[in-house]
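Please look at the sequence and the structure before reading on.

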Amino acid sequence: MFSFLLPKYVKQGRQFVKDARKILDYKRDLWEPEAVQKFEQEIQALEAGCKERDAQQVEAAAKALNAQCVALLPKVEDMAWRENCEVFLVAIVVALAVRTFFLQPFTIPTGSMQPTLNGILGYPTTEEPPNALVRLWDFAIHGRSWVNVVARDDESIASLDEVSWLLFFTYTRIDTSKGNTYWIHEPRDVVTGKLGLTSILDYKRGQPIIRGYVETGDHVFVDKMSYQFRPPRRGEVFVFNTERLPTGDPGRRHSSSEPNDPADFDLPEVARLADRRGIKFDMSAPSQFYIKRLAGLPGDELRVDSPRLYANGKLAEGKPFERVMSAQNGYRGYGFGRSDFLLPILRASDDPYSVPPNHYFAMGDNSYNSSDSRDWGPVPQQNIMGRGLFVYWPFGPHWGFIQ
């Protein structure tokens, strides 16, 4: 009861006895009867020393019992490596379990949710990049990567190609008229669209071909547990996959008389219509993950009267919608669906839309630059991955819980 008052050697001896008895229980059927008997005798000797509180007897019995353990138990080679590998494998299993069932990291790829969440941003500059320490700090805190390519000769750009390496790293390769090759660790659309690189200019030796910096999109944790216990709520930021959603460029046309039943969407017919209109639409493209604002629940009637969004005859309620409809601080309000898509949804103020059962209507906060449910229809419930929970990097104004 008052074991904490016992001498240290007694407590250590008792623990050794306890561990030795476990070993004996594990190995009893594998050892010879003589070895089992000898091992039990050494345990009893150590127990007696602890009972008598004889420090010399405890020390001697412990050494003898330890010698028996060394003699009877096989030596494990490379124990340190084995233990490190076990720890590493356990860490991987735990990380995969967390990713699968609880939290999954996700990167914002586009600007459809700006200014709530940032996609990849690029800023061309005229100044040279700062020193290495400043660049390292910029990347760690702001997710900022600097680009600086200077012409080696009097030359012009011959080709721009996007190259992937090891399925994880994407580069833009620049080949010039003088046979020089330059590499930029960014996708081609970022180099041309964000940093403004064009292939129509001639460059002098020492002149910058491209100079500026790129800020990575917000990295968020997606909560995959909440929707297992409750349905999604209007106004939440949610992530879903695009399986069976024609999110290329065409939108969809319905094949039946009821325009709100997505089960009847004829995707092959959509592809044929898109082809006749010269719109690229690849039905075989792999599913992607999108992040949007949940604007409509099953059964909701939605209507856009730009810059306002109405749900069931009333202005959409909640601070996220109020921010967008205020058309302030970077927000522009809600816009109509694009006329170049095949599926007519919310294209005019007198064009309401009813969300079908088991489907959810997704809209980007950057409504005028967002491809969402106005273009390719509502999101089936089975496509929903989880709720956007927390921006964990970079450490900018968006860091923290997503509103």
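## Basis

Strands are DSSP runs of E with at least two residues, and they are numbered from the N terminus. The model described here is predicted.

Pro-115 lies in the loop that runs between strand S1 (103-107) and strand S2 (121-124). The relative accessible area of Pro-115 is 23%, which makes the residue partly exposed, because buried means under 20% and exposed over 50%.

Which residues does Pro-115 contact, leaving aside its neighbours within four places in sequence? They are Asn-329, Gly-330, Tyr-331 and His-398. The C-alpha atom of Val-324, a residue 209 positions away along the chain, is 9.4 Å from the C-alpha atom of Pro-115.

## Helix H2: length

Helix H2 comprises the 20 residues 33-52. At 1.5 Å a residue, H2 should span 28 Å, and the 29 Å between its end C-alpha atoms agrees with that. Arg-53 follows H2 and has a positive phi, near 60°.

The buried residues of H2 are Ala-35, Val-36, Phe-39, Glu-42, Ile-43, Leu-46, Gly-49 and Cys-50. These residues lie on the same side of H2, because they cover an arc of only 150° around the axis. Helix H1 (8-27) and helix H3 (55-72) are among the elements that cover the buried residues of H2.

On the face of H2 turned away from the buried side are the exposed residues Pro-33, Glu-34, Lys-51 and Glu-52.

How values were computed
Residues are numbered from 1 along each chain as its sequence is written. This is a predicted model: local features need pLDDT of at least 70, side-chain atom pairs count only at pLDDT 80 or more; totals for chains, interfaces and linings use all residues. Side-chain values use heavy atoms; hydrogens and water are left out. Helices (H or I, at least four residues) and strands (E, at least two) are DSSP runs, numbered from the N terminus. The expected span of a helix is 1.5 Å times one less than its number of residues. Buried means under 20% relative accessible area, exposed over 50%, partly exposed in between (1.4 Å probe, protein chains only). The arc is that of the directions from the helix axis to the C-beta atoms. Contact means heavy atoms within 4.5 Å.
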